[in-house]
Amino acid sequence: MKDIIALRHYLHQHPELSNHEVETATTLSAFIQALHPAATFDVGSTGKIALFKGAAAGPTVLFRAELDALPIGEISTLPYRSQNGGVAHLCGHDGHMSILAGLAQYIARNKPTKGTVGLLFQPAEEVEQGARDVLHSKVFQQLKPDYMFALHNIPGYPLHQVILKEGSFSAASQGMTVTLSGKTAHAAEPENGLNPATAIARIIDAMHRLRTEDELFEQRILITIIHIQLGEIAFGTSPGHAIIRMTLRAFENRDMEQLTKIATSRIRQIAQKERLGCSIEFSEVFPATMNDAECVSIVEDVAKHCDLSVVQRQQPFSWSEDFGYYTSTIKGGFFGIGAGTEQAALHNPDYDFPDALLKTGIDLFSNIYRKLLCE
């Protein structure tokens, strides 16, 4: 395990942002190539897939880890703290990558007897683009995986505890940008212009009301206003332009479709009544991560085999994961591993992935691999 811990610390020291994970991918590629995979492929902007193949026919199983770090400065006195200012692995992707590297070592020592196992090091998870690019790539479409598995460390849960949920594991989300166009006027003569301020207030109220209309949705939805820009800072001017940015979340994909439709309709109605032009754009679109029942059962059996505590969540997590792009068409198993009840939360500047979880993650992935491709 010393080499895996050292790898994790090195990756933590050298974080890279989404779609810029060049050195990260190079480091991992060198590590994996030394294990002599049957084939390797470039995928997405900086991603890598390494394949190990069995002699007999069988399923294709992929395990995924994320390459990217966050644009957040790290607060740490760790000897392996980030050396890239304003960028840090504060979500644990350095740990997830190292777990996959440890799985590669295990596979190299214990080759599959059937089928194909793939290790996917995916770029740009934090901005949702990575999984979508990989899913639509020729390499991935030719691979046609039968199963995909991934894990995420989750602070607030006991160390090593395995967190499972069939169906929706984490929420769908998307950024919604509303641009309102009116007419600029002198602040002393606002009647000669079309100021979007009233429309902004009405839109905020409408979105807050929509959050409470539970009868319209099967599960919980959430709307968060994150940014508003109205005109410029000029006390002599009544603005004629505004931008509202918000995040829409839903536990189920069909609820996200409904939420998007209703929110768009109500915003356009308000803009029309206020005689404003209105355009709406969406970004960072994450589908809900939907866990297949068979995959959840496999992870649960493996966790118990490893003598790990297992907890079944009753509700999905409200955060989002681009693994949902894969589970929309592939049998998927996405699960959590407790990072400790005292651990700093994900995306906090003082977060650090617990090294103790590396062996736990490797053991879980290795046993899933054995169950599907070595028995």
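Some ground rules. Residues are numbered from 1 along each chain as its sequence is written, and side-chain values use heavy atoms, with hydrogens and water left out. As the model is predicted, local features need pLDDT of at least 70 and side-chain atom pairs count only at pLDDT 80 or more, while totals for chains, interfaces and linings use all residues.

Now the terms. We work on a 1 Å grid over the protein atoms alone. A cavity is a set of points where a 1.4 Å probe fits but cannot get out. A pocket is an open set with protein on both sides within 12 Å along at least five of seven lines. Lining residues have an atom within 4 Å of a point. Points are joined across faces, edges and corners, and a volume is the space filled by probe spheres set on them. Helices (H or I, at least four residues) and strands (E, at least two) are DSSP runs, numbered from the N terminus.

Cavities, then. There are two of 30 Å³ or more. H2 (22–33), strand S2 (47–53) and strand S4 (114–122) each supply at least two.

The second largest cavity holds about 40 Å³. Among its lining residues are Ala171, Arg220, Arg249 and Ser318. Strands S10 (221–230) and S12 (241–250) each bring at least two.

On to the largest pocket. Its volume is about 580 Å³. Of the 30 residues lining this pocket, the closest to its centre are Glu126, Arg249, Glu284, Phe286 and His347. Strand S8 (172–181), S10, S12 and strand S13 (277–286) each supply at least two lining residues. S8 gives the most, with five. By class, the pocket lining has twelve nonpolar, twelve polar and six charged residues. Here Ala, Val, Leu, Ile, Met, Phe, Trp, Tyr, Cys and Pro count as nonpolar, Asp, Glu, Lys and Arg as charged, and the others, Gly among them, as polar.

Last, glutamine 13. This residue is found in helix H1 (residues 2–13). Is glutamine 13 buried or exposed? Buried, with a relative accessible area of 17%. The cut-offs: buried is under 20%, exposed over 50%, partly exposed in between, with a 1.4 Å probe and protein chains only. Leaving out residues up to four places away in sequence, glutamine 13 touches Pro79, Tyr80, Arg81, Ser82, Gln83 and Asn84. Contact means heavy atoms within 4.5 Å.
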